[in-house]
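Please read them with the structure open beside you.

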Amino acid sequence: MNIKEIILNKEAGKRAFLLGNEAIVRGALEGNISFFAAYPGTPSSEILDTFSAIAKDAGVYVEVSSNEKIAYEAALGASWSGLRSMTSMKHVGLNVAADAFMSTAMNGVKGGFVIVVADDPSMWSSQNEQDTRLFAKLANLPVVEPSSPDEARLFAKELFELSEKFDTAVVLRSTTRLSHMRGEVVFGPLPERTQAGKRASGDFSKNPEKFVNLPLNARILRLESLKRIEKIREEFNHKFNYIEGDKSSKVGVIASGLAYAYVKEALSWLDINDVKILKLGTPFPVPFGLLNEFFNGLERAIIVEELEPVVEEQVKTWAFDKNIKAEIRGKDLVPRYYELSTDRVVTSLAKFFGIKSPVDIERAEFIEKNIEAKIPRRPLVFCPACPHRNVFYVIKKVTGYNGIYPSDIGCYTLGYYPPMKLVDTSTHMGSSIGLAHGISKALEGSASKKPIIATIGDSTFFHAGLPALANAIYNRSNFILFVLDNRTTAMTGHQPHPGTGYSISNNGKEIKIEDIAKAMGADYVEVVDPYDMKATEQALRKALSVNGVSFIVARRECALLYASRVRRSGQKFKRYVIDEEKCTGCKTCILTFGCPAISWNSDKKKAFIQEDLCYGCGSCVSVCPFNAIHEGE
């Protein structure tokens, strides 16, 4: 059974084993969502992928927007037209959408509007670690935090009603662990419209006092938003939150979101039963009425939450104002950095309760690190046949390391690792062009003659590269930009973008990247096939002679898409082999090119190609200085 059949199951009470992200989609469908827009970003991407799979059959408009701000605006526009709407993004995506997010937080909604933001504690696939709950508090928007996939489904469903009841956008915060964990989900009923796959239409009613943020209106909306959040605080006293455990205990634990699951398991490890627990699903605003009930008779409490002390600061401020005498602990015992785990929470609670952990966790971690140190390290590398490798190889061949190499967020960041080592900067989406421009201007008049060669992916170029390119050309900058166009958004799961011409509804219109550069006035524009390394090298050498912004599109389909297509068609890849007679064992193919399909036979002192890893691109043929690589039988 595929994901579409599972998610669109009409049987209320049906149980399924879903990812947290898939459960959010099911909940949104049960909540009668009509409009969804997003830009992919791990750990949120499966929300977009799942919506894409069910869009037509569920009557939901779904689009891959060119960035998170655009997605946010599209979903908000649909909400203001009366449709229940949702957008999703990863935590750094909220930075991209922040201007729209902060500016429209006061305006309210018409159709329910849910903003899903997936944080990434420990930065498993992100450039920083940030806590979206702080952003929601800053915007004065309520934020909820599920503790399991089933709760993610339930919260996603109920948030549309909450949004409409209080005329506000609502933030649903997930984390990597929740988004990517699987758990049992119990389905609620699907609306008749969703079952029929009938798409809803909106109706925009003019209300400029509500939707136009002139200072005259904004001052009024600001006061309304402050009153609104206090009403929501009252609502949260009996919704999304509850007290459990030994309610007569003098010791309590407040656990927010997924931390609740860690706390339950940790208490079991420590064999502690006589404790009162406030299970918190709304880290902002914290329900003061429920806090009053929780702290009644309590002498000590600890707050367990992931990353920043968002709940802790609210609780301590409330306790100070109410003259609560109970001792309140939090980030002095619970780590403020990286992802929580049962081990870490056991350690924190053991210190709080003044008992010894049944497992010597510090000793176990010490042993684990010692074992890891003895395992050979496997550096991250480009996939076999990845066209990006060829571009970096050519850049290295032409410039050596005598250049400056700003890069960006995507697969090509792997150019940081050996054997390429051609990524000097990579900080956020679209940063390569802006930083290349800044470095170019800073070096004007200096003795440095190092070329600046920036790299950016096709999807990232549309996401955040366009304004930076316009700025660089306008200000007569001097650098070379390679757009590594592999015809997809590869790193997040092969979603489309405007350069592909493909959309979820399959009626997209392709925008040529090189046409944009020409229209903007780039000083040199060329399109090359990176598998043709000679042509790529010629284009780069010509660009080096140009004074201004040179723009090279290296276009070749992502190797994973190509390999998948070949396998589905039943065809076989071309086979390449290394002639042992000609191979001198110089290791040039391994040490400078780094294709994982090329290995080393330590007995024969020769390189060889692993047939099961080779996708037959043939790029390695031109890398070998002794012509030892050729197409095989």
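1. Val 186 belongs to strand β8, which spans residues 182–186. The model is a predicted one, and the points below should be read with that in mind.

2. Which residues does Val 186 touch, once neighbours within four places in sequence are set aside? They are Gly 13, Lys 14, Arg 15, Asp 150 and Arg 153. For a sense of distance, take Asp 274, which is 88 residues from Val 186 along the chain. The C-alpha atoms of Val 186 and Asp 274 are separated by 30 Å.

3. Next comes a sheet of six strands. This sheet is open, its pairing is parallel, and the strand order is β3-β2-β4-β5-β7-β6. Its edge strands are β3 (61–64) and β6 (143–144), each of which pairs on one side only. Strand β2 (residues 35–38) runs parallel to β3 and is joined to β3 by four bridges. Within this pair, Ala 38 is opposite Val 64 of β3.

4. Helix α3 touches β2, β3, β4 (85–90) and β5 (113–119), and the direction of α3 makes about 135 degrees with that of β3. Helix α7 (residues 132–139) also packs on the sheet, in touch with β5, β6 and β7 (170–175). The direction of α7 makes about 170 degrees with that of β7.

5. Helix α3 (residues 45–58) also packs against helix α2 (residues 20–30). Two packed helices are described by the angle between their axes and the distance between the axes. For α2 and α3 the angle is about 40 degrees and the axes are 8 Å apart. The two helices are therefore oblique to each other, and their crossing is right-handed. On the α2 side the contact involves Asn 21, Glu 22, Ile 24, Val 25, Ala 28 and Leu 29. Among the residues they meet in α3 are Ile 47, Phe 51 and Ile 54.

6. Helix α13 (residues 259–270) packs with helix α16 (residues 342–353) at about 60 degrees, with the axes 9 Å apart. Helices α13 and α16 are therefore oblique to each other, and α13 passes α16 in a right-handed crossing. The residues in contact include Tyr 262, Leu 267 and Trp 269 of α13, and Val 345, Leu 349 and Phe 353 of α16.

7. Another open sheet has four strands, in the order β14-β15-β17-β16, with parallel pairing. Strands β14 (453–457) and β16 are at the edges, each pairing on one side only. From one strand to the next, the twist averages 20 degrees. Helix α18 (residues 387–399) packs on this sheet and touches β14, β15 and β17; its direction makes about 155 degrees with that of β15. Helix α19 (residues 431–442) lies across β14 and β15, at about 165 degrees to β14.

8. Strands of a sheet pair through backbone hydrogen bonds, either parallel or antiparallel. Strand β15 (residues 479–485) runs parallel to β17, and seven bridges join the two. Phe 479 stands opposite Val 549 in β17, and Leu 484 has Ala 554 as its bridge partner there. Strand β16 (residues 524–528) is also parallel to β17, joined by five bridges, with Val 527 partnered by Val 553. From β16 the chain passes through helix α22 (residues 533–544) to β17, and this β-α-β crossover is right-handed.

9. Why is β17 described as largely enclosed by the rest of the structure? The reason is that seven of the seven residues of β17 (residues 549–555) are buried. The side chains can be sorted by direction. Val 549, Phe 551, Val 553 and Arg 555 point one way from β17, Ser 550, Ile 552 and Ala 554 point the other way, and all are buried. A student may like to trace both sets in turn, noting that Arg 555 is among the buried residues.

Technical notes. Residues are numbered from 1 along each chain as its sequence is written. This is a predicted model: local features need pLDDT of at least 70, side-chain atom pairs count only at pLDDT 80 or more; totals for chains, interfaces and linings use all residues. Side-chain values use heavy atoms; hydrogens and water are left out. Buried means under 20% relative accessible area, exposed over 50%, partly exposed in between (1.4 Å probe, protein chains only). Two strands pair if DSSP finds at least two bridges between them. A crossover is right-handed if, with the strands pointing away from the viewer, the path from the first strand over the helix to the second runs clockwise. Axes are lines fitted to C-alpha atoms, for helices over the stretch in contact, and angles run from 0 to 180 degrees between N-to-C directions. Angles under 35 degrees count as roughly parallel, over 145 as roughly antiparallel, 65 to 115 as roughly perpendicular and the rest as oblique. A crossing is left-handed if the near helix is turned anticlockwise from the far one by less than a right angle, and right-handed if clockwise. Contact means heavy atoms within 4.5 Å.
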